[in-house]
Amino acid sequence: MFTPPLRPLTRETSLGFEAIDVWATVFGKELMPHQEEILVRSLELAPGSTTADEFPRLRFKTVLLLMARQNGKTYVMTARGLWRMLMWSGPGEPAPVVLGLAHRLGPTEEILEKAIQQLKAAPAAGALIAKRSDTNGNKYVRLRSGAKWLTQAATDDAGRSESVSDVLFDELRQQRTWDAWTAAENTTNSIFSSQTIGVSNAGEAKSTVLRGLRASAIKEAESLRAHLDAHGTADGWDGDASICILEWSSPEGAAVDDVDALAQANPAMNREQNGRVFLTSDDLLSKAARIGQPGEDGLPEHKYRTENMCQWVTVAAEPTFPPDQVEECTDPRSEIAAGSALVYSVDTSVNDKTSWVAVAGWRADESVHMEVIAKRRGTHWIAGFLKGLDEPGPVVIQGRGAPASSLITWLVQEGLDVRKCEGSEQTNALTQLDDAISESTIRWRPQEALLRAMKDTARKRTGEVALLDRYNSPIDASPLCAGMFARWGLVNLDLEKKSSAYGDDYADWYQKPSETTSADADEDWRWWD
């Protein structure tokens, strides 16, 4: 997907050919076809300007470069930045400045380091280095001409006090506000033929800046293409000619193991560059094979599509529950008090491959403890597991519309006390959970599956109320659904207190130790950090 040129791209109408020549002759390196295309298209000259001019004028002020990861974006940005430093001069302006930005310093410092190594490896270019700074937070290289390449973190102070020729904004998908982009872009205002280049793979709903810029770029590209089809030239087109999109991505709906679709998002796939193959189709297919089905552990499919197919996947712009409230309610030492009533719940993934059992009970401080206590493939084990509990209690299941709903008749026949949550009580269960989390009257342990479901489970509207949307969520919502229904049952059903919730060994109270599924020791549970 690309912005059409306003005229044929030749050595007279694009400086990209010069940038390619510099990379080959000065540094002795080659570019892959898609990397050459990036330089030729992004360095298109404005109408009326040619490379014969003393000061050629670039067409684009903003360039978006999107493709799957590990396809040489860093490499081509290195070539682009060094071309600007070595070859460019503007009318009456100081030497060019290249500013590398990313939400973390690491990625942009990596590009700078590659540029420095290329300079040092080329004798003629290496002799031009005047100063190099390795100070953390202030890394840069300056040439004898005064040309400079510096790096900064993407904040609302990005680039202030600098006048910048090229902004190389890496990992643009991570920007949730316009603060850093606006600050950096404005550093180029007074510089002749400056550019701001946003580099990324596909984003998610929370990728505010990338999503907005991409939508604008696609709109202008489609408008220009329609005008060219109708009139044969760009004459008379009144759209924005200053924004460019260059995107390699798999078609919507393509299978994760479709090699042709993967090639469209991975233009470096199976190609050799400077004696090395960086990415193979076998690499990508191996990752695809590790994708977990809903309800299974494994690589989430939406992450694979975003990272390796450069596809935009609908994931909630914000977590299902506010992260600060989730953290407040997460307690690795939380447990159910002795004598508490217990309510269990069963929920099954949308493909019926995995089932989950959760429990809810009262803590000593009279808040609710909610916990996932079992996860196994299929459903055949559920009745035996529930009947074998040391401390039985009612079992809540969604009354209709869920995969687990079909288990109700069977579990009743097995003699279990099954209670249905259906109708308006389904929405009440979610509303009450929202209230309990916001009021901090519920606790859970940092179980990865539960916390992941709290982050990415989608919601759907039914009239004026909301439900958890297990069918359109990018992850398995079942552990969250099971916990929610267990909590609903504890608070709303008429229950008798039991003599004890825990024995001497915590794990033994709900199942044999060898069957325990626990994430209590997992320290990496704060997804928002």
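**The open sheet and its surroundings**

Author: Thr 135 has Asn 138, in β4, as its bridge partner. The model is a predicted one, in which local features need pLDDT of at least 70 and side-chain atom pairs count only at pLDDT 80 or more, while totals for chains, interfaces and linings use all residues. Residues are numbered from 1 along each chain as its sequence is written, and side-chain values use heavy atoms, with hydrogens and water left out.

That bridge belongs to the pairing of β3 with strand β4 (residues 138–143), which is antiparallel and runs over 6 bridges. Two strands are said to pair if DSSP finds at least two bridges between them; strands (E, at least two residues) and helices (H or I, at least four) are DSSP runs, numbered from the N terminus.

Seen as a whole, the sheet is open and has 8 strands, in the order β3-β4-β5-β2-β6-β7-β1-β8, with mixed pairing. Its edges are β3 (129–135) and β8 (243–247), each of which pairs on one side only. From one strand to the next the twist averages 15°, where axes are lines fitted to C-alpha atoms, for helices over the stretch in contact, and angles run from 0 to 180 degrees between N-to-C directions.

Ser 193 sits in the loop between α6 (179–185) and β7 (195–200), and it counts as buried because its relative accessible area is 7% (buried means under 20% relative accessible area, exposed over 50%, and partly exposed in between, with a 1.4 Å probe and protein chains only). From C-alpha to C-alpha, Ser 193 is 23 Å from Gly 236, at a separation of 43 residues in sequence. Ala 254 and Arg 305 are 51 residues apart in sequence, yet their C-alpha atoms are 9.6 Å apart in space.

The structure holds 0 disulfides, a disulfide being a pair of cysteine sulfur atoms within 2.5 Å. Cys 244 is in none, and the nearest cysteine sulfur, that of Cys 310, is 14 Å away; Cys 244 is also buried, at 1% relative accessibility.

On a 1 Å grid over the protein atoms alone, a cavity is a set of points where a 1.4 Å probe fits but cannot get out, and lining residues have an atom within 4 Å of a point; grid points are joined across faces, edges and corners, and a volume is the space filled by probe spheres set on the points. Among the residues lining the largest cavity are Trp 88, Glu 93, Val 97, Ser 163 and Ile 191. The lining divides into 6 nonpolar, 4 polar and 1 charged residues, where Ala, Val, Leu, Ile, Met, Phe, Trp, Tyr, Cys and Pro count as nonpolar, Asp, Glu, Lys and Arg as charged, and the others, Gly among them, as polar.

To set the sheet in context, the protein chain has 16 helices and 18 strands, and 53% of its 529 residues count as buried.

Terms used:
1 Å grid on protein atoms, 1.4 Å probe; cavity = no way out; pocket = protein on both sides within 12 Å on 5 of 7 lines; lining within 4 Å.
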